[in-house]
Amino acid sequence: MNQRNVTYRMIEAFQAAMLNNGISAGAEALGISQPAMSRLIADLQKSIGFLLFAKSGRTVKPTAEAHALMSKVQQSFLGLEQIVDFSAQLRKQKLGQLAICAIPSIGHSVMPWVVAQLRRKFPDVLISLQVASYVEVARQVKTRQADIGLTGDTLSLGDLETVAEFSADCVCIGTSKWLDPKAAHVRAKDLGKMPFISPTGTFRPRLNAWLGANGVRVDSMVEASLFQSISDLCLEGLGVAVVDRLTGIKHQKRGGVTLPLRPAMAYTVYATAMSDTRLSVPARELIRLVAAANGDT
């Protein structure tokens with residue numbers, strides 16, 4: 001018995017014969033001739049010192065030893081598959097990865113389009129997107145679980161810094177029940193004449209300040225925390241709302257009405273990273289795409 005002569009090809013042939021219920025079918029599965037398959041099996045039997053397949057009438061059947069050996073072979077091949085999968089993950093990481101964490105107003109509006117553009121341009125880069133609260137975005141970036149954080153507020157915690165910002169005017173959203181799709185804009189004072197859906201998040205104080213500066217009191221009987229939910233409520237005909245431009249674009253695509261506000265009210269999107277981070281090419285492209293979607297030049 002010379003176990004040192006056992007080769008990977010012999011074991012592969014043996015596994016194929018066992019899985020395909022015969023030497024002929026195993027040869028076909030491997031894409032080799034039956035004589036070549038038989039030689040591999042014969043060489044394996046010679047190397048290990050016992051019979052793997054025995055004649056039973058007109059057929060050849062695996063021996064008890066073959067079944068015992070097959071259980072060990074299966075374990076080995078499972079381990080090999082895990083190594084291949086792990087190697088593929090390492091290859092992707094070596095080629096690059098981009099982890100993004102964004103607040104809902106950005107993550108639910110423009111990010112699906114942005115990620116699609118990034119995938120086309122960087123097919124070998126592993127991209128992950130997490131949509132989370134303002135506080136969680138800060139934590140993800142600070143703990144380096146995210147390369148870039150996208151929020152509607154500046155993040156000034158420790159080593160976090162703003163690497164880009166994109167400003168655009170807010171818009172009024174609703175349906176044709178409350179808004180004229182042909183109108184040039186919606187005036188601040190008009191908001192006091194229609195049912196209003198108010199935000200409950202960090203955007204609310206800024207909105208209230210803008211309404212107060214324009215002498216407007218709104219009839220707010222419905223509130224929601226996410227711009228996505230506010231858009232959903234508007235599409236149900238429950239009233240109008242003021243949201244960021246990106247949400248407004250998606251709202252219009254979903255069949256709603258989106259109009260400019262007069263006077264204008266700015267909404268700024270901030271891209272944040274750790275101060276010692278050197279932005280990768282995909283990260284810089286992410287920033288460019290968000291700026292383009294937001295209307296920045």
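**View 1. Cys-170 and Cys-234 are buried cysteines.** Cys-170 has a relative accessibility of 1% and counts as buried (under 20% relative accessible area; over 50% is exposed, in between is partly exposed; 1.4 Å probe, protein chains only). The model is predicted: local features need pLDDT of at least 70, side-chain atom pairs count only at pLDDT 80 or more, and totals for chains, interfaces and linings use all residues. Residues are numbered from 1 along each chain as its sequence is written, and side-chain values use heavy atoms, with hydrogens and water left out. The whole structure contains 0 disulfides (a disulfide is a pair of cysteine sulfur atoms within 2.5 Å). Cys-234 is in no disulfide; its nearest cysteine sulfur belongs to Cys-172, 7.6 Å away. Cys-234 is buried at 0% relative accessibility.

**View 2. Phe-14 and Phe-53 form an edge-to-face pair.** The whole structure holds 4 aromatic pairs (rings of Phe, Tyr and Trp, its six-membered ring, with centres within 6.5 Å; planes under 30 degrees apart are stacked, over 60 edge-to-face, the rest tilted). Phe-14 and Phe-53 lie 6.2 Å centre to centre, with 65° between the planes. Phe-14 is in helix H1 (residues 8-19) and Phe-53 in strand E1 (residues 53-56), 39 residues apart. Helices (H or I, at least four residues) and strands (E, at least two) are DSSP runs, numbered from the N terminus. Phe-14 is buried at 0%, and Phe-53 at 10%.

**View 3. Phe-227 and Tyr-267 form a tilted pair.** Their centres are 6.1 Å apart, with 55° between the planes. Phe-227 lies in helix H9 and Tyr-267 in strand E13, so the pair ties together parts 40 residues apart in sequence. Phe-203, Phe-227 and Tyr-267 form one aromatic cluster.
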